[in-house]
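Hi everyone, thanks for making time. Let me put the structure up, and then we can walk through a few parts of it together.

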Amino acid sequence: MRYALDHPGRVARLVYVSGVGVGPEEAWRPAFTENFLRALGPRRRRWEELAALPEPSAAQEREQCVLRWATDFADPDRALQEAARMATPWCGGVHTAAGRLLGAAMRAEDPAALLARCAWLDVETVVVDGALDLRPRSAVDSLVTALPRVRRVTLPHAGHMPWAEDWDGFRAAVTG
């Protein structure tokens, strides 16, 4: 989305998938954290043990990621299996520094100014998300309201990764 805002002439269409919208992190982070901790269920204690390690081994880092990623799937019976598949092969970990930099850049944005820019983005946009995403879908509402040429598709049985959980629905949303 940021690239489309900065270079609208270079973007013909935009697909916005499972984002957190435009607005302060405080508007969605508390609900996400609550949902995340609840979704960990009995694995919460192990996840907290791993998260507290100052320098986890590669195996411990992988295990923590699998536990975290499993919460992104709506189907608890498949969640750990799908998350483990995503972590195989384990290629040296997750670039957490990049994630922190991206988060800092997002927090530095003025939400009102960003929404005002979105109102002028004359690019066909489809917003695709899963109804069962742990991130509150209401966080994306302001973005959907601001974009002038937007269509939103919420897949009812998907979580944070709708392309992995409802491929047919995702493909129809993106190509429709």
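Three strands make up an open sheet here, ordered E1-E2-E3, with parallel pairing; strands are DSSP runs of E with at least two residues, helices are runs of H or I with at least four, and both are numbered from the N terminus. Two strands count as paired if DSSP finds at least two bridges between them. Strand E1 (13-17) and strand E3 (150-155) sit at the edges with a single partner strand each, so one side of each has no neighbour in the sheet. Strand E2 (residues 124-130) is joined to E3 by six bridges, and Val126 stands opposite Arg151 in E3.

A word on the source: this is a predicted model, where local features need pLDDT of at least 70, side-chain atom pairs count only at pLDDT 80 or more, and totals for chains, interfaces and linings use all residues. Residues are numbered from 1 along each chain as its sequence is written, and side-chain values use heavy atoms, leaving out hydrogens and water.

Now to helix H5 (residues 76-86), whose buried residues are Ala79, Glu82 and Ala83. Buried means under 20% relative accessible area, exposed over 50%, and partly exposed in between, with a 1.4 Å probe and protein chains only. Seen down the axis of H5, the buried residues fall within an arc of 100°, taken from the directions from the helix axis to the C-beta atoms, so they line one face of the helix. They pack against helix H4 (58-70), with contact meaning heavy atoms within 4.5 Å. The face turned away carries exposed Asp77, Gln81 and Arg85.
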